[in-house]
Structure formats: structure tokens, C-alpha cells
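Here's a quick tour for anyone just getting started with reading structures. Keep the picture open while you go through the notes.

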Amino acid sequence: MTNAPKTTALRLVESAAPERDQLKIVIVGHVDHGKSTLVGRLFHETGSLPDGKFEAIKAMCERRGMPFEWAFLMDAFQAERDQGITIDTSQIWFKTEARDYVIIDAPGHKEFLKNMITGAAQAEAALLVIDADEGVREQSRRHGYLLSLLGITQVAVAINKMDLVGYSEERFRAVEAEYRAYLESIGVKPRVIVPVSAREGDLISGPSANMPWYTGPSIVGALDSFEKAAPMVERPLRMFVQDIYKFDQRRIIAGRLSSGRIRVGDEVIFSPSNKTVRVKSIESWSSDPAAPARTVAEAGESVGITLDEQIFVERGDLISHVPDEDRAAPMETDVFRARLFWLGRESLSEGKRLKLKLGTLEAQVTVERIEHVVDTGDLATGAATHVERNAVAEVVIRANRLLALDPYEDNPYSGRFVLVDRYDVVGGGIVSMEGYADQRELVTRRATNITRVEHRITEDMRVARNGHKGAVIWLTGLSGAGKSTLAVALEQALFEKGYQAYVLDGDNIRDGLNANLGFSPEDRAENIRRVGEVASLFASAGMIAITAFISPYRSDRERARKAAPGRFHEVHVKASVEACEARDPKGLYKRARTGEIKEFTGISAPYEAPDAPDLVVDTEAQSIDSCLDTLVAYVANACRS
Amino acid sequence: MDRLSALEAQSIFILREAFNRIDKLALLWSLGKDSNVMVWLARKAFFGHVPFPVMHVDTEKKFPEMYAFRDRYAKEWNLTFLRELCPPVEEMDETLPPAARSAARKTAGLKAAIAKHGFNGLIAGIRRDEEATRAKERVFSPRGDQGNWDFRDQPPEFFDQYKTEFPPGTHVRVHPLLHWTEVDIWLYTKRENIPVIPLYFAKDGKRYRSLGDQDITNPVPSTAVTIDEIIEELRTTRVAERSGRAMDHEAEDSFERLRAEGYL
């Protein structure tokens with residue numbers, strides 16, 4: 001084709017021009033450490049500036065009566081140019097011989113952390129800038145920490161303004177050592193640390209005569225050494241349902257594969273509903289009606305699928321393969337730990353209700369506990385009741401329903417979330433399931449074809465014979481709070497009054513019924529689930545089942561309550577950790593303190609006290625006898641026939 | 001996955017989010033290379049059906065080739081097409097420089113169209129590489145009740161989570177092409193065989209790189225008569241894409257002012 005045809009539209013059929021590789025890099029660092037100048041210099045030296053841009057910047061500077069300022073390349077807003085600070089993140093394209101780059105400039109001001117995160121979260125690699133003269137500052141550390149939270153592991157560091165320190169190798173080594181130690185302490189291994197002078201152009205795209213002692217790569221060399229992030233094709237399939245369309249008699253489930261592959265004919269499972277179904281087709285639209293139907297799609301693709309059975313599906317459902325040894329399904333839980341950064345104008349406090357968005361999933365959640373606030377400066381963790389704006393904290397989040405998700409290290413896409421308060425995104429973070437059980441097994445009903453036996457003996461008949469109703473008296477509390485003591489005493493007191501009562505305790509259950517369970521979070525949850533079911537059977541038989549288990553997690557106790565509807569009585573046997581540790585009847589606290597027992601409730605694992613227990617007995621404030629009297633009175637009233 | 005496929009997948013994800021989260025939504029079609037790609041992506045996202053109106057805010061000063069293109073493809077692509085007119089230039093802010101004042105007609109026409117149809121969201125084909133204030137945009141960019149853009153306090157955007165909760169009176173601009181570059185648009189146009197207005201190809205040593213109103217858009221020197229030649233030209237040029245758009249250059253912040261008021 002040599003001339004453009006004079007038709008209204010032109011269709012083209014030439015061979016494809018090659019695509020160049022493109023990498024997104026974020027530039028972060030403390031304010032005034034020279035990020036913008038470094039970017040300007042990079043553009044200048046790689047010949048990436050559009051015609052007239054240099055002149056335009058020069059004119060802007062002259063108008064303001066100031067020396068040439070590279071920062072104006074990225075600072076597009078009048079307010080940024082007037083105040084000399086970057087307010088919002090910006091993006092600008094440049095190229096080296098190796099490939100194309102998008103440079104994402106992120107504001108260094110603490111005030112604009114949400115904009116810094118907005119910029120950095122889109123990057124595949126990061127360049128951290130530190131002023132050689134000023135050294136490592138608050139934002140240098142905070143930004144490094146946030147990069148690791150955002151999952152950016154490819155990091156290069158530029159120690160800038162070497163001209164101000166006389167190109168001193170000694171100064172460089174000191175700043176390098178300090179910052180390397182910090183990064184390594186948060187699990188980030190810097191690819192390279194380069195001494196530069198952005199203003200003078202040392203070591204930006206080539207060697208520097210001013211720093212012959214440095215033999216590593218220049219900034220351009222460091223950037224070119226970064227690798228492209230590949231979509232997570234080899235990880236287990238994860239696809240959040242984004243929408244359901246009904247077009248041309250097809251019911252299409254639309255979504256984007258965040259990891260793995262999906263094929264026509266695959267048996268997939270929808271979580272948290274646990275429904276399984278087969279993929280009937282992979283739908284796509286093509287302008288070419290002769291294009292063959294697709295049979296497979298991969299991580300990164302936005303697709304549509306149809307199913308061989310019309311099951312109920314909702315936006316937010318997470319699609320994976322039916323689990324096997326290599327392909328784990330996502331976890332199901334209503335509680336998880338999170339490391340989060342808080343961007344809200346108001347500080348975050350315990351009990352705060354928010355909306356969680358994870359993939360396309362949305363749920364109402366409560367920030368149940370603030371475990372600690374992380375000082376990103378020295379990484380010290382301190383107890384706190386509030387998380388201030390722009391701070392990082394570890395918290396426990398509880399949802400009002402079961403969620404399907406993954407721990408962040410297993411799958412970043414289904415293991416990260418944002419929090420929304422009214423209209424605004426106020427925080428974001430990553431999921432940890434440490435100490436919490438995958439609840440999928442606990443809610444999955446495997447047995448089918450069950451017909452319940454119709455008893456000929458009614459509940460009323462049992463009550464009439466026993467003289468009291470059946471019940472589950474569920475004692476929960478820390479180790480050493482007095483549960484077993486009270487349980488045994490209660491059993492005896494009730495027996496003497498003519499009640500049918502029996503104690504289920506950890507030792508008698510773990511010896512037999514639960515002999516096959518260990519102490520992993522899943523096994524502990526299963527232990528409690530079985531106790532709940534057994535206690536429920538006792539209660540159905542008209543007896544009073546007294547249980548004495550720490551049962552630290554609210555979800556487990558709620559499940560036990562559901563197993564015995566109307567007959568479950570939660571009793572909080574209350575005593576402080578200090579009091580329990582002082583009693584230490586089994587010597588367990590001592591062993592936990594020495595590290596001999598890991599994940600010990602109250603010391604290294606959480607105890608979730610009941611929110612609204614049916615009864616509280618405080619063994620620290622009252623004597624055992626007085627607690628027992630309270631309990632007996634409660635049971636007598638609750639089980640009155 | 002190659003880069004164009006990755007861009008396509010992300011844009012489709014964004015279009016589907018917009019459709020799911022925002023009721024009363026429309027897609028702005030300026031007939032240029034970018035919005036043609038956008039309409040194409042919408043057809044892909046929704047399996048050949050564009051489930052919201054496609055609106056042209058018409059200054060009545062476009063090139064005849066553009067009108068011919070619009071009338072043909074609105075039908076061929078089975079779009080729910082809306083055409084809305086802009087008010088006369090005499091009604092625009094007198095303090096704006098002349099070309100910016102002319103461009104402001106579009107903003108006024110857009111505001112009137114939004115009010116008339118009650119749209120809560122508009123999908124627009126702006127790109128970050130076009131212009132420096134656009135580089136700072138969000139994918140979901142909330143606007144005040146006057147269409148104004150508060151660039152000093154933009155919502156955070158990360159983990160593919162966009163701002164989709166709004167107080168009454170807010171309206172949102174959705175930008176599915178934000179991360180595409182001019183070269184990407186051409187590579188994709190070629191790969192997908194998307195129809196193109198011939199004004200983009202060189203004639204008598206000049207071609208249009210960006211199509212706006214006839215009176216404020218100028219062609220740039222070029223010999224590129226095929227898409228491959230355009231791509232080659234863009235890879236070596238140091239001329240900014242919008243250098244042919246007069247209103248960008250009248251004052252240091254004239255474009256920023258236009259955008260803060262609601263210009264695309």
C-alpha cells in the first residue's frame with residue numbers, strides 16, 4: 001500500500017510491527033531526595049524527551065526566576081510547580097536500547113501516602129532514592145516497607161547527590177550499609193545500590209569519572225537488569241466472578257483469571273458455596289466469525305465461561321479447580337489476620353465496621369483486634385488501640401459470613417484487599433491465616449443419602465422423665481482460668497440434685513473420639529467441631545453436657561451453638577492472662593514462655609473472648625465456690641422443665 | 001501473554017467493572033483512533049453487545065470523514081447511539097484563550113448531555129501518555145456535581161480496586177485506556193483490523209495525529225501512509241502527540257484549567 005485509500009474506513013492487512021517489552025518502575029523516596037531530578041536526567045540521557053519539552057521547562061523556570069528544575073517534567077499541576085512538591089503520582093514513558101519503560105513517580109510527602117501507594121501498586125520494580133548527604137530518612141524506610149507490602153521485590157537503590165558529599169566512597173558505603181540492613185530486615189534484597197548525582201549526571205546511563213571506585217552498573221544498567229513479571233500461570237486456578245451476562249440464550253460467567261489455567265471440560269468449584277460444576281465453553285467475541293472456539297484460557301485473561309449446569313452464581317464467588325494434591329482450593333474463613341496500611345482521615349479503632357473488597361468479593365467486616373502498630377522506622381511493634389492515618393498495623397478482621405481467599409504468600413491476587421468506609425477506600429492490606437483454620441472442611445458435608453432416624457421418644461417425654469431439659473453448658477476461657485475445676489464441680493453438684501449431667505473435657509475426648517487429631521489450627525477447629533456435635537447429641541438425649549475447652553475462636557463456638565440450637569449456653573470463665581499464668585496448674589505457661597510450646601493461647605496465639613456470653617463467671621474476682629453457685633443457679637433456671 | 005493482550009484484558013476488566021458498579025452509564029465516542037479502540041473493546045467485553053449507550057458530543061465542527069465514519073459504524077456495530085450538540089462559543093468563559101474557549105464548548109455540551117440523560121458514569125478514552133495532567137488521572141475518576149475534577153484529592157487506586165461508592169451528585173469518569181500509549185493504539189488497531197478514519201494517513205506530506213475540531217486541529221508533517229509506517233514514525237518521533245492541538249499550549253496551565261472544569 002503506497003497511498004491511503006479514499007474510502008471512509010481503511011482495513012489493514014500488513015505484517016505486524018514488533019512489540020517491544022515494557023516494564024513499569026516506580027520511583028520512591030523521601031521528599032527532596034531528588035526523585036524528579038533523577039527522572040528528568042534519565043529522560044535527557046536516553047533521548048526520551050519530546051521536542052520542545054526541555055525548552056518549555058526552561059521557560060517555566062525562567063518565569064519563576066529559578067534555576068533549571070527537572071522536576072517540572074513530572075509535576076504537571078500548577079500547584080506542584082508553584083510549591084515545588086509532587087502531589088500526585090504521575091507516569092511517563094521512556095526507552096533504553098533494551099526496552100520501553102513506564103516511570104511512575106510517587107510523591108515523597110507523608111501527606112500524599114495514598115498517592116504514593118496508588119503509583120507504587122502498579123509497578124513491577126522500584127527505584128528507591130536516598131540523599132547521600134541527608135542519609136536514610138523516615139520516608140526512605142516507610143517506602144521500602146510499603147514496597148514489600150505491595151509485593152514489589154525487585155528493588156534498586158540510588159544514593160543520590162553524591163556531588164554534595166564530594167563523591168566520597170566512605171559516605172556512600174555508610175549510607176549503603178545502613179539502608180541495606182534495613183531492607184534485608186524486611187525481607188527485601190536490593191538488586192543493586194548505585195551512587196549517583198542526578199543533577200550532574202553521574203552514573204545515570206554510563207560510568208562516572210568522579211566515582212572511579214564504583215564498578216557496578218549505572219541506573220540504566222540497573223533498570224535493564226530487572227525482569228518482567230510473568231502472569232501466574234503455574235499456580236492453582238483462581239478466577240473471581242465479575243459478572244453474569246445473559247446474551248443470546250447463553251449464561252456467561254465473566255471474570256479475569258488471576259492465576260492458573262481453565263479448560264473446557266474442567267471440573268471447577270465455586271467458593272464459598274462449594275458447588276462443583278463443569279466448564280462447558282470458554283466464550284470470546286471475535287470480529288472473525290470463522291475464528292475457532294477457545295478451549296483454554298490463562299492467568300491474566302479476561303474471559304467468559306458457560307457451565308454444564310445452571311447453578312446459582314454470584315459476583316465475588318471464587319472459581320478454582322476441585323482440589324487435589326497439586327491444586328489447592330482457596331481457604332474459607334470468616335476471620336483472618338492482616339497487615340494493613342491505613343489511609344483513613346480518622347484513625348482506626350477496634351470494633352470499626354467497614355466494607356472489605358477482595359477481588360470482586362465484598363463483605364461487611366469488623367476490625368476485631370489491633371494486634372500491634374508497626375513502626376516502619378525501627379520495625380518495633382507496639383500495642384495500640386488506634387491506627388493513625390498512614391500507619392501500618394497488624395489486625396484481626398472478622399467478616400459476617402464465610403469468605404473464600406488465600407494467604408498472600410500462596411496467591412497475591414486472592415490474598416490482598418482494600419477496606420472501604422462509606423464512600424472511600426481507607427486502607428489496604430494482605431491476608432495471613434497464621435493461627436487460623438481453613439474452615440472449608442468444617443462446613444463441607446460429605447455424606448449424602450442420609451435419612452434421619454425418627455425417634456419415637458419425643459423431647460417432652462425425655463424432659464418429663466428427667467425432670468429437666470437437655471443443654472450444652474459450654475465453658476470457654478484461658479488455660480488455667482478454672483474451666484475443668486468448675487466443670488467437674490458443676491457435674492457433681494448437678495448430679496447430687498438429681499440432674500443427668502456429664503463433663504466432656506479435653507483429655508477424655510482427645511484420648512478416644514479425637515485421637516486422630518493433632519494441634520494444627522485445622523485439627524484444633526475440628527476437635528471443637530466434634531465436641532460441639534457430641535455435646536449436642538448428649539443434649540438431645542436429655543442430658544446436661546458440660547464442656548471445658550479453651551475454644552479460643554469465636555467461629556468454632558458459633559458452630560457449636562448452631563449444632564445445638566436453643567440448647568447452647570456459652571459461659572465465659574474469666575481470668576486475666578496474668579492470673580492464669582500465676583496459677584499455671586499444668587506448667588504450660590512456663591513452657592510457652594520458654595518457647596517449648598508454640599502457638600499457646602494467651603501468649604503467642606489469640607484468645608477471642610465471647611462478645612455476648614450467656615453467663616460470665618470471674619474466677620479472679622470471685623471464689624470458686626461462689627462461681628459454682630452462680631453456675632448451678634444458672635443451669636437450674638435454664639433447664640427448668 | 002503479550003503486552004497488547006495484557007492491555008486488552010485489563011481494559012475489558014475495567015469496562016466490566018464500570019458496567020457492574022455504575023448504573024446509568026454511557027461511553028463517549030469521539031470517533032478518533034482511541035475511542036474506536038474503546039468501542040471495539042466494549043464489544044469484546046460484552047460478547048458483541050455494547051450494553052450501554054455510545055454518545056457523541058458533537059461540536060458540529062468535525063471533519064466530514066469523521067461524520068461518515070460515525071454514521072456507518074453506529075449502524076454496523078449495532079450501537080445504541082446518542083448524538084448531543086454543544087452550545088455556541090459565545091456562551092463560553094471569555095477569559096479563556098481562544099482555542100481553549102473553543103474547546104470549552106465540548107465540556108459545556110458534555111455537562112448538558114449528562115444532565116439530560118442523568119448519567120452517573122461516562123467511559124472516556126483518555127491515555128496517560130497524551131498529556132501530563134492526564135498522566136495523573138485515575139481509572140475511576142470522580143467528578144463533582146459541576147463536572148469538576150478535584151486533582152488535589154484523588155482516591156487511592158490499587159490492587160485493581162476502584163472507587164465505586166459515591167455520595168449523591170457525584171459522577172464518575174471511567175478510563176479503560178489510561179495505560180495505553182499512542183503506539184499501543186496503532187498496534188492494536190492493526191492486530192484487530194479495526195476500521196480507521198483516513199485522515200490519520202499522510203496526504204501531501206502531512207497527516208493528523210490527533211483528530212479534534214477542524215478549526216483547532218492541525219496536521220503534522222509525515223509520510224506515513226500505512227499503520228506500520230505510523231508505528232515506525234511514532235517510535236522515532238520526538239514531536240508530542242498533541243502538538244497539533246492549539247488549546248494545550250496557550251498558557252502554562254490552560255489545559256489543566258480545562259480539565260479541572262471537566263474537559264476530558
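Predicted model: local features only at pLDDT ≥ 70, side-chain atom pairs only at ≥ 80, totals over all residues.

Two strands count as paired if DSSP finds at least two bridges between them.

**The barrel in chain A**

- Six strands of chain A form a closed barrel, in the order β7-β8-β13-β11-β10-β14, with antiparallel pairing.
- From one strand to the next, the twist averages 50°.

**Helix α1 of chain B**

- Helix α1 of chain B covers residues 3-21, and at 1.5 Å a residue its 19 residues should span 27 Å. The end C-alpha atoms are 27 Å apart, so the check agrees.
- B:Asp2 caps the N-terminal end of α1(B), with a side-chain oxygen 3.2 Å from the backbone nitrogen of B:Leu4.

**Aromatic pairs**

- Over all chains, a search of the whole structure turns up 33 aromatic pairs.
- Take A:Phe172 and A:Tyr214: their ring centres are 6.3 Å apart and their planes sit at 80°, so this pair is edge-to-face.
- A:Phe172 belongs to helix α6 (residues 169-185) of chain A, while A:Tyr214 is in the loop between β6 (192-195) and α7 (219-224) of chain A, so the pair ties together parts 42 residues apart in sequence.
- Both partners are tucked away: A:Phe172 is buried, with a relative accessible area of 0%, and A:Tyr214 is buried too, at 12%.
- Now try A:Tyr502 and A:Phe538, whose ring centres are 5.7 Å apart with planes at 5°, so this pair is stacked.
- The pair links distant parts of the chain, with A:Tyr502 in strand β25 (residues 501-505) and A:Phe538 in helix α12 (residues 521-540) of chain A, 36 residues apart.
- A:Tyr502 is partly exposed, with a relative accessible area of 38%, and A:Phe538 is partly exposed at 22%.
- Finally, ring pairs link A:Trp285 with B:Trp29, B:Trp40, B:Phe69, B:Tyr73, B:Trp77 and B:Phe81 into a cluster.

Key: Residues numbered from 1 in each chain as written. Chains lettered and ligands numbered in written order. Heavy atoms only, no water. Helix = DSSP H or I, 4+ residues; strand = E, 2+ residues; numbered from the N terminus. Expected span 1.5 Å × (residues − 1). Polar contact = N/O pair within 3.5 Å; in protein donor to acceptor, adjacent residues only side chain to side chain. Axes fitted to C-alpha atoms, helices over the stretch in contact; angles between N-to-C directions. Phe/Tyr/Trp six-rings, centres within 6.5 Å; stacked < 30°, edge-to-face > 60°. Buried < 20%, exposed > 50% of the residue type's maximum accessible area, 1.4 Å probe, protein only.
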